[in-house]
Amino acid sequence: MSLIYENKVPSSYRTAFIAKLKIVAANLKINPNWLMAIINFESAGTFSPSITNSLGYTGLIQFGTAAANQIGTTTTALRGMTAVQQLDYVEKYYKSWYKILKISVPESYVDTYLITFFPAAVNKGLDFVIKSNGISAAALARANPIFDINKDKQVTVAEVQKIMLSRLPSEWMADFLKKKVSQ
């Protein structure tokens, strides 16, 4: 069975990318479709390792400077990698957060996305307002307007969940609501 958004991966590296992504997902003990949906969202559907947003976040899962440093690289180095090479850093990033969050597997697709977007929100309630000492709720909402559904200048886990699930094709929903990949 093909993966969600597989046809969006450039044909020049699709086969190698999908094979590597399946290995990474197995190593992370998550459904490979979760990674495909996250990469599709974060790379604006390009699956490009060099895509960079206006805030300087780059790559398949939009690594920031701190995230790149955390896994022993830089955003410049990440931009210079192939998509297949960058998947090794995607795996390192998630594994580093598994360790920090003291989890062996994220509970859901949304938790996996939250590790990508704002790891401190993992395992919080749906009403948890996403912010930190370094970024206010209003600043985070301004930088991520897609998630501020009710335009109250704050983003909750429920809003992130609603957007991330709403962007999935209905025929894939059951796959994303499963807790984790069967072993």
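Where does Y5 lie relative to α1 (14–28)? Y5 lies in the segment before that helix. This report describes a predicted model, and it starts with the whole chain before turning to single residues.

## The chain as a whole

The secondary structure consists of 9 helices and 0 strands. Read along the sequence, the pattern is α-α-α-α-α-α-α-α-α.

The chain has 183 residues, and a compact globule with that number would have a radius of gyration near 16 Å; the value for the chain is 16 Å, so the two agree. Along the principal axes, the C-alpha atoms fill a box of roughly 45 × 35 × 30 Å.

Of the 183 residues, 46% count as buried. The chain exposes about 9,100 Å², and carbon and sulfur atoms supply 54% of that area. Contacts between residues at least 6 apart in sequence can also be sorted by separation: 53% of them join residues at least 24 apart.

## Helix α2

How many of the 11 residues of helix α2 (residues 32–42) are buried? The count is 11 of 11, so the helix is largely enclosed by the rest of the structure. The buried residues include the aromatic residues W34 and F41.

The N-terminal end of α2 is capped by N31. A side-chain oxygen of N31 lies 2.8 Å from the backbone nitrogen of N33. After the helix comes A44, whose phi is positive, near 55°.

I39 lies in α2 and has a relative accessible area of 0%, so I39 is buried. Leaving aside neighbours within four places in sequence, I39 is in contact with F17, L21, F47, L60, I61 and L87. F128 is 89 residues from I39 along the chain, and the C-alpha atoms of the two are separated by 24 Å.

A44 lies in the loop between α2 and α3. Its relative accessible area is 60%, so A44 is exposed. A44 has a positive phi although it is not a glycine.

Q62 is also placed in the loop between α2 and α3 (65–70). Is Q62 buried or exposed? Q62 counts as buried because its relative accessibility is 9%, and the cut-off for buried is under 20%. A polar atom of the Q62 side chain lies 3.3 Å from the backbone oxygen of I51. Apart from neighbours within four places in sequence, Q62 is in contact with E42, I51, T52, N53 and Y57.

T112 is found in helix α6 (residues 109–117). With a relative accessibility of 0%, T112 counts as buried. Which residues does T112 touch, not counting residues up to four places away in sequence? They are I30, W34, I38, Y94 and P106.

I135 is found in the loop between α6 and α7 (137–143). I135 counts as partly exposed, because its relative accessibility is 27%. Leaving aside neighbours within four places in sequence, I135 is in contact with F118 and L140. I135 and W172 are 37 residues apart in sequence, and their C-alpha atoms are 34 Å apart in space.

## Back to Y5

Y5 has a phi near 60°, a positive value in a residue other than glycine. With a relative accessible area of 15%, Y5 is buried.

## Accessibility of selected residues

The table collects the values for residues discussed above.

| Residue | Relative accessible area | Class |
|---|---|---|
| Y5 | 15% | buried |
| I39 | 0% | buried |
| A44 | 60% | exposed |
| Q62 | 9% | buried |
| T112 | 0% | buried |
| I135 | 27% | partly exposed |

Methods:
Residues numbered from 1 in each chain as written. Predicted model: local features only at pLDDT ≥ 70, side-chain atom pairs only at ≥ 80, totals over all residues. Heavy atoms only, no water. Helix = DSSP H or I, 4+ residues; strand = E, 2+ residues; numbered from the N terminus. Rg over C-alpha atoms; globule rule 2.2 N^0.38 Å. Buried < 20%, exposed > 50% of the residue type's maximum accessible area, 1.4 Å probe, protein only. Contact = heavy atoms within 4.5 Å. Areas by Shrake-Rupley, 256 points an atom, 1.4 Å probe, with all protein chains shown as cover. Polar contact = N/O pair within 3.5 Å; in protein donor to acceptor, adjacent residues only side chain to side chain.
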